[in-house]
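Subject: Structure handover

Dear colleague,

Please find the structure below. My notes follow it, strand by strand and then on the helices and the cores.

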Amino acid sequence: MASSLKCDLCGKSATVHLTQIVNGKMHKVDLCEACAQAKGVTDPGGFSLADLLLKASLNPEETTLGTECPTCGFKPSDFKKLGRFGCPQCYRTFEGMVSPMLDNMHKGTRHVGKVPHQAIERRTLIERVTELEGALAAAIKTERYEDAARLRDELVQARLAASTSAAQSAGARATPARS
Amino acid sequence: MKISALLASPSELTDTASSKCAVVLMTRIRLARNLAGHSFPGWCKEAQREAVLERCREALGAAAPMKRSVNVPVSELTELQKQILVERHLISRELSGSKHGGGLVINRDQTCSVMINEEDHLRIQVLRAGFQLKKAWSQIDSLDTELEGRLDYAFDPALGYLTACPTNLGTGMRASAMMHLPALVISSQMEKVVRAVNQLGMVVRGLFGEGSDASGSIFQISNQTTLGESEEAILKRLGSVLQSIIEHELNAREKLLEADAAKLFDKIGRAYGILQNCHQLSSSEAMNLLSLLRLGIDLGLFPETTRALTDRLFIEAQPGHVQAAARNELDSSQRDALRADNIRTEFAAIARPDFSLHQKS
């Protein structure tokens, strides 16, 4: 009956069958001898990580595997080598690869802790300015002058708010580092 | 402040007499943070790493809790200084080996250290002697909040703080306690404890983190997961696991005393004899002997005042600290001789263990 089980990676008949319980969920992996060796599954200490990587590559959303992070040029194959991502944007780029990994890795898949309110507010204000600038330019172009006047006033307010917030951090940055 | 002055001044770990807790030597919390719009240090071009280093050093220099701290690029430190910082748990081995763009900011009392461009742009750490999860959290939380006012952290509403390794996503927080568990080691229960602790989602490591041995029966216990639970919930869970390990250790001590007190006292008495008379002492032997001595203090065989000494020597018996006390460079056997000299001198005035307390009962 052993022949009925195929290696999850290459499809040859599987001889290594692993069951691991992580966070109360059962995970089964079947591998042929060669793939088990290659993935380091025979080493019990290295198995957890191997499992994570396997799960990632077994994910049907293989489309992400060919892509490259537009921000930093990171490729999924780099993750297999390094076990770390290239930049914060990678988590968006490789979402399909990240989410199955998280199931086994953590207690949950959504953040419920501290939130950097100041940093987020600062970024939101800057984004708001950019958005309003675009809208104002469009309104002028299409001769919607009433809209333009309203957008101009909003833009003045938004710029003021953004520069106050930026001034705080710029002021902080202008202070020389002590050593 | 200069690094040389910092290393010579009193530190939380080496000069605190406040560690009253018998089992927990120290508590640490670290937060992993990254700047939005920059590649993580391991995937970064050198110039970008340098730019991140500058930004972070400036922000930290301006943060009130880090006033008058040491604030230097790692490249300005000598190998020995780096080794001492590793031995004091203020920087990691990884940062000490970094070539470009690594930086380090440490406050005066050495309770707070920030590594720049280690695995993440920022690794903020607070370290407290004794069992102090709450105190450590409130200190690190306020520094982190202040830094967030000056730096744009990489954050995602669903994934939390974005980190180079997905195992740190979410809170980016690793809280740990350094625990002295000699009775669990002597009674061969550590393996069982490690397994139980793992099942509760916590990790057990040796004294210097991953892959290090547990000489001196000292173990680090920390949370494994960072996503899906708030900081407070993680700390609460860790706190209760630590509490139950403390209870197990104390029970194991009672059992050892009941079953064969002579055997235990023999170990402690011999440790005292060696510490007082040795002329060659390796750091791992020193750790094991000091560990037995600390157990002796917990059992009331030595006066409570001896505790500060053993806790300081746990750090000062490390190779870098021994070398720093010498005038010229030593090889390892010269270090063993100097370590023995120092410890012999320190123990000359320590009174013999008083076993009478236990013999009566």
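In chain B, strand E3 (residues 103-106) and strand E4 (residues 112-116) run antiparallel and are joined by four bridges. Within this pair, Gly103(B) stands opposite Ile116(B) of E4(B). Please keep in mind that this is a predicted model.

The sheet

E3(B) and E4(B) belong to an open sheet of eight strands in chain B, with the order E2-E3-E4-E5-E1-E8-E10-E9 and antiparallel pairing. Its edges are strand E2 (70-73) and E9 of chain B, each of which pairs on one side only. On average, neighbouring strands of the sheet are turned by 15° against each other, direction ignored.

Strand E1 (residues 24-33) of chain B pairs with E8(B) in the antiparallel sense, over seven bridges. Here Arg30(B) has Arg174(B) of E8(B) opposite. On the next step along the sheet order, strand E8 (residues 173-180) of chain B is antiparallel to E10(B), and five bridges link the two. Met178(B) has Gln220(B) in E10(B) as its bridge partner. E10(B) is also joined to strand E9 (residues 202-205) of chain B, by four bridges and again running antiparallel.

How many of the eight residues of E8(B) are buried? Eight of the eight are, so the strand is largely enclosed by the rest of the structure. Met173(B), Ala175(B), Ala177(B) and Met179(B) point one way, while Arg174(B), Ser176(B), Met178(B) and His180(B) point the other way, and all are buried.

Strand E10 (residues 218-223) of chain B has six of its six residues buried, so E10(B) too is largely enclosed by the rest of the structure. Both of its faces are covered, with Ile218(B), Gln220(B) and Ser222(B) on one side and Phe219(B), Ile221(B) and Asn223(B) on the other.

Helix H8

H8(B) lies across E1, E8, E9 and E10 of chain B and runs at about 10° to E8(B). H8(B) also packs against helix H12 (residues 332-348) of chain B, at an angle of about 115° and with the axes 6 Å apart. That makes the two helices roughly perpendicular. On the H8(B) side the contact is made by Leu275(B), Gln276(B) and Asn277(B), which meet Ile343(B), Arg344(B), Phe347(B) and Ala348(B) of H12(B). By type, the residues of this contact are four nonpolar, two polar and one charged.

The cores

Which residues touch the most other members of the largest nonpolar core? Among its 105 residues, they are Leu85(B), Leu122(B), Ile124(B), Met179(B), Ile221(B) and Phe347(B). Helix H8 (residues 231-277) of chain B gives the most to this core, with 16 residues.

Leaving aside neighbours within four places in sequence, Ile124(B) is in contact with Ile29(B), Arg30(B), Leu31(B), Arg33(B), Ser113(B), Val114(B), Ile140(B), Leu143(B), Asp144(B), Leu147(B) and Tyr153(B). Arg30(B) in that list is the residue that stands opposite Arg174(B) in E8(B).

There is also a second, separate core of 21 residues, which includes Phe94(A), Met97(A), Leu102(A) and Leu169(B).

Regards

How values were computed
Residues numbered from 1 in each chain as written. Chains lettered and ligands numbered in written order. Predicted model: local features only at pLDDT ≥ 70, side-chain atom pairs only at ≥ 80, totals over all residues. Heavy atoms only, no water. Core = buried A, V, L, I, M, F, W, Y, C linked by side-chain atoms within 4.5 Å. Buried < 20%, exposed > 50% of the residue type's maximum accessible area, 1.4 Å probe, protein only. Contact = heavy atoms within 4.5 Å. Pairing = 2+ DSSP bridges. Axes fitted to C-alpha atoms, helices over the stretch in contact; angles between N-to-C directions. Parallel < 35°, antiparallel > 145°, perpendicular 65-115°, else oblique. Nonpolar A, V, L, I, M, F, W, Y, C, P; charged D, E, K, R; others polar.
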